[in-house]
Amino acid sequence: MSKLSTDNSKAAQKRYKCPKCGKEYIGYPALSREDNKTEICPLCGVLEALRDYSLRR
Ligand SMILES: [Zn+2]
């Protein structure tokens, strides 16, 4: 890992606040599966996907 690459990616990293868990996160938001437009944190996105998957079985 080089130090230069972290500097370059800093501009692209915005801070978001996840409406689902209330935590701030940096990076790319995930779309909530509940309404397909709410931006949630990647972790909540994964949890929703897992829940959605288990509900469909
Ligand atoms: Zn979240």
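Colleague: Where is the place of Pro29 in this chain?

Modeller: Pro29 sits in the loop between β2 and β3. Strands here are DSSP runs of E with at least two residues, helices are runs of H or I with at least four, and both are numbered from the N terminus. Keep in mind that this is a predicted model, where local features need pLDDT of at least 70, side-chain atom pairs count only at pLDDT 80 or more, and totals for chains, interfaces and linings use all residues. Residues are numbered from 1 along each chain as its sequence is written.

Colleague: Is Pro29 exposed or partly exposed, and why?

Modeller: The general idea is a neighbour count: a residue is buried if 20 or more other C-beta atoms lie within 10 Å of its own, exposed if 12 or fewer, and partly exposed in between, with C-beta atoms placed from the backbone. Pro29 has 17 other C-beta atoms within 10 Å, so it is partly exposed.

Colleague: And which residues is Pro29 in contact with, leaving aside neighbours within four places in sequence?

Modeller: A contact means two C-beta atoms, placed from the backbone, within 7 Å. For Pro29 the list is Tyr16, Glu39, Ile40 and Cys41. Cys41 in turn touches Cys18, Cys21, Lys23, Tyr25, Pro29 and Ala30, not counting residues up to four places away in sequence.

Colleague: What about Gly27?

Modeller: Gly27 is also in the loop between β2 and β3. Its 13 C-beta neighbours inside 10 Å are why Gly27 counts as partly exposed. Beyond four places in sequence, Gly27 contacts Gln13 and Pro42.

Colleague: Which residues make up the largest nonpolar core?

Modeller: In soluble globular proteins, nonpolar side chains tend to be buried together. A nonpolar core is a set of buried Ala, Val, Leu, Ile, Met, Phe, Trp, Tyr and Cys residues joined through C-beta atoms within 7 Å. Here the largest one has 5 residues: Cys18, Ala30, Ile40, Cys41 and Cys44. Across the protein, buried residues make up 9% of the 57 residues.

Colleague: How do I read the helix α2 (residues 42–56)?

Modeller: Compare its length with the expected span, which is 1.5 Å times one less than the number of residues. The 15 residues of α2 should span 21 Å, and the end C-alpha atoms are 21 Å apart, so the two agree. α2 is hardly covered, with 1 buried residue among its 15.

Colleague: What pattern does the protein follow along the sequence?

Modeller: The order is α-β-β-β-β-α, from 2 helices and 4 strands.
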